Amino acid sequence: MGASLALASVGLLVGPQQGAEAATPKIKVHYIDVGQGDAIYIKMPSGEDIVIDGGNKGKGDALVAYLKKQKVGDIEVLISTHPDADHIGGLDEVLDSFKVKSVYAPKVKHTTQAYKDFLLAVKREKLTIKTAKAGVSLPVKGVKAQFVGPVKDYAKSDLNNWSAVLHVAYKKNTFLFTGDAELKSEQDMIAKKKTLRADVLKVGHHGAKTSTSATFLKYVKPKYAVISVGKNAYGHPTKEVVTNLKRAKATMLRTDKSGTIVFEGNGSSYTIKKSK
């Protein structure tokens, strides 16, 4: 998988303002190709490094290698959106390889070995997990980064709806990271009037039909929809979600087809690079 994480120089420039802005601080969001799972790295304009999820068990080494290639020295914020193995599996290796200042996760537990390994790695680093829930802001400069979900507690077995949902705004560049949040969480965020509008949507639950409702998309109004997905037996992304995204006129990008996808925003426009 190491080769799949290497970015090629395939790029697409989007928006009216480019060139003559070399000194402008940028936000870079890497939707890393880890197969069927989520792993996201954000380089904030003021230099903070944020990691959201770590792919499946066995993807940690490749994720660490990718972050080192991006010259990550330490990580200010590490987020586990929820305890499912395809999101939390590689985070123990990230914790073992980098100095991590803060760890955020929703207040829900799991019994899997991947979750236990994550907790042990947090303990080894002598860190305390901060609760990821609606209303909590991340300590980053020049950017508004706030959790908009989960807005309430769900059944302990309803892990996907516990997903930490993060909204990030750098000037006019806006991103929404949804983990595996499903319809109940989407409805609850809408009911609580959370800030959902975003140019770039990380599609929920790898394109499963239990997420990304047409109603939710009316609030997000995404220009781009990134689906973190690999070879799978679930039919992800589903026809229902693809149809919803087409009707919302969002440009779809998939990690199984484009490899790692990097959005670079200067506060008003974006460049997009794909590794394949």
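**The largest pocket**

α5 (113-124) and β7 (129-131) each supply at least two residues of the lining of the largest pocket. Helices (H or I, at least four residues) and strands (E, at least two) are DSSP runs, numbered from the N terminus. α5 gives the most, with three residues.

The model is predicted: local features need pLDDT of at least 70, side-chain atom pairs count only at pLDDT 80 or more, and totals for chains, interfaces and linings use all residues. Residues are numbered from 1 along each chain as its sequence is written, and side-chain values use heavy atoms, with hydrogens and water left out.

A pocket is an open set of points on a 1 Å grid over the protein atoms alone, where a 1.4 Å probe fits, with protein on both sides within 12 Å along at least five of seven lines.

The lining has 14 residues; P106, V108, Y115, L119 and I129 are the closest to the pocket centre. A lining residue has an atom within 4 Å of a point. By class, nine are nonpolar, three polar and two charged. Nonpolar means Ala, Val, Leu, Ile, Met, Phe, Trp, Tyr, Cys and Pro; charged means Asp, Glu, Lys and Arg; the others, Gly among them, are polar.
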